[in-house]
Amino acid sequence: MMIRSLLREPLLHFLLLGAGLFLVYGWIGGRVGGEGEQIVITQGKIAQLSAGFERMRQRAPDPAELDELIADAIREEVYYREAKALRLDEDDTLVRRRLRQKLEFLSEGTTPTPEPTDTQLQAYLHANAETFRPEPRLTFQHVYFNPQRNGADKDSAALLRALRLGSAQDADALGDPFLLARRFNGATSSELTQLFGEEFVTKLRRLPLGTWQGPVTSGFGVHLVQVQQGDDGPMPALADVRSVVRREWMHDWRQRENARLYADLRERYQVTVERPQEAESATPVLAEVRE
């Protein structure tokens, strides 16, 4: 309890902050004039700064703006070097993640991605048929029942029997009012998912064709459905999707190469994982902290 009270004291926070600033300024003060490090802003760097400004502003910088760009580049380099000297880059999640991304990016350029042959692309297309097959389409009609209305379940069950016997009238006039269409012709799975939800579409694709089925639930309520046609789409010819297959083949190849590179790098290190204590040994510690 005493430790908790101390941690809440503003004076303690002030002292810790002051100590941190003292150490930082002490470090920096001890480096002034002693290192003699040189910063050179080359003509190439100036051209890079000017080109970046021109991409953003759609015009070249004037002399004053260019001087400001150079001054900012010097400031950035000074802070970068001092931050490195203070080892502020260590144990920083964002810095570590950025360095990892840069290494992965550079590694992609070490081994050029090969150009796949048509035989390789055809095999890849066959192995990943569902990825390149046209999106499934459904043609169906439905009758909607509002679940908040009393007797909706009973009415839907009675109407389903009538529809199957063929004794019901035009289905478009049955059921409860519905804001969307009563009939859908060749609608894609993604279109229907946006309207009715994924579960509804999944159930529709499993229904037999030509007969009234239900109840099928959606985000709106309960539906009786007659699916007239379900089209999973034919396997496309390589000539029709070659560019897409090539792009995905090269992406997968690069992923495998990255995995291989990491495996090679991983072999250089002996890794020890210090796992937390078992739950039963950790429980008394947690209980002590809560008191």
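## Salt bridges

Glu257 and Arg260 sit 3 residues apart in helix H11, a spacing of about one turn of the helix. The two residues belong to a predicted model, and their side chains form a salt bridge in which the closest N and O atoms are 3.0 Å apart. Glu257 is buried, with a relative accessible area of 16%, whereas Arg260 is partly exposed at 42%.

**Other charged pairs**

- The count of salt bridges comes to 13, and the pair of Glu257 and Arg260 is joined by a salt bridge of this kind.
- A salt bridge also links the side chains of Arg100 and Glu104, with an N to O distance of 3.0 Å; both residues lie in helix H5, 4 residues apart, which is about one turn of the helix.
- Within that pair, Arg100 is exposed, with a relative accessible area of 57%, while Glu104 is partly exposed, with a relative accessible area of 36%.
- Glu115 and Arg246 meet through their side chains in a salt bridge of 2.7 Å, N to O. Because Glu115 lies in the loop between H5 and H6 and Arg246 lies in helix H11, this pair ties together parts that are 131 residues apart in sequence.
- Arg246 counts as partly exposed, at 29% relative accessibility.
- Arg149, Asp155 and Asp176 are linked in a network of salt bridges.

**The largest pocket**

- The largest pocket has a volume of about 450 Å³, and 13 residues line it.
- By class, the lining of the largest pocket comprises 7 nonpolar, 2 polar and 4 charged residues.

**The second largest pocket**

- About 230 Å³ of space lies in the second largest pocket, whose lining is formed by Ile39, Val40, Ile41, Lys45, Ala73, Glu76, Glu77 and Tyr80.
- Helix H4 gives the most to the lining of the second largest pocket, contributing 4 residues.
- When the lining of the second largest pocket is sorted by class, 5 residues are nonpolar, no residue is polar and 3 are charged.

**Nonpolar surface**

- Ile39, Ile74 and Val78 make a nonpolar surface patch of about 190 Å²; of these, Ile39 is also one of the residues that line the second largest pocket.
- Val78 is found in helix H4, which covers residues 63-85, and counts as partly exposed, with 36% relative accessibility.

- How far apart are the C-alpha atoms of Tyr124 and Trp249? They are separated by 7.0 Å, although the two residues are 125 residues apart along the chain.
- Tyr124 has its place in helix H6, residues 118-127, and is buried, with a relative accessible area of 13%.

**Backbone features**

- The peptide bond from Gly214 to Pro215 is cis, with omega near -5 degrees, and Pro215 lies in strand E3, which spans residues 212-217.
- Gln58 has a positive phi of about 65 degrees although it is not a glycine. Gln58 is placed in the loop between helix H3, residues 43-57, and H4, and counts as exposed at 67% relative accessibility.
- Arg87, which is not a glycine, has a positive phi of about 60 degrees. Arg87 lies in the loop between H4 and H5 and is exposed, with a relative accessible area of 54%.

Key: Residues are numbered from 1 along each chain as its sequence is written. This is a predicted model: local features need pLDDT of at least 70, side-chain atom pairs count only at pLDDT 80 or more; totals for chains, interfaces and linings use all residues. Side-chain values use heavy atoms; hydrogens and water are left out. Patches are made of residues with over 30% relative accessible area and no salt bridge: like charges are joined within 9 Å, nonpolar side chains (Val, Leu, Ile, Met, Phe, Trp, Tyr) within 5 Å. Accessible areas come from the Shrake-Rupley method with a 1.4 Å probe; for residues, only the protein chains shown count as cover. A salt bridge is a side-chain nitrogen of Lys or Arg within 4 Å of a carboxyl oxygen of Asp or Glu. Helices (H or I, at least four residues) and strands (E, at least two) are DSSP runs, numbered from the N terminus. Buried means under 20% relative accessible area, exposed over 50%, partly exposed in between (1.4 Å probe, protein chains only). On a 1 Å grid over the protein atoms alone, a cavity is a set of points where a 1.4 Å probe fits but cannot get out, and a pocket is an open set with protein on both sides within 12 Å along at least five of seven lines; lining residues have an atom within 4 Å of a point. Grid points are joined across faces, edges and corners, and a volume is the space filled by probe spheres set on the points. Ala, Val, Leu, Ile, Met, Phe, Trp, Tyr, Cys and Pro count as nonpolar, Asp, Glu, Lys and Arg as charged, and the others, Gly among them, as polar.
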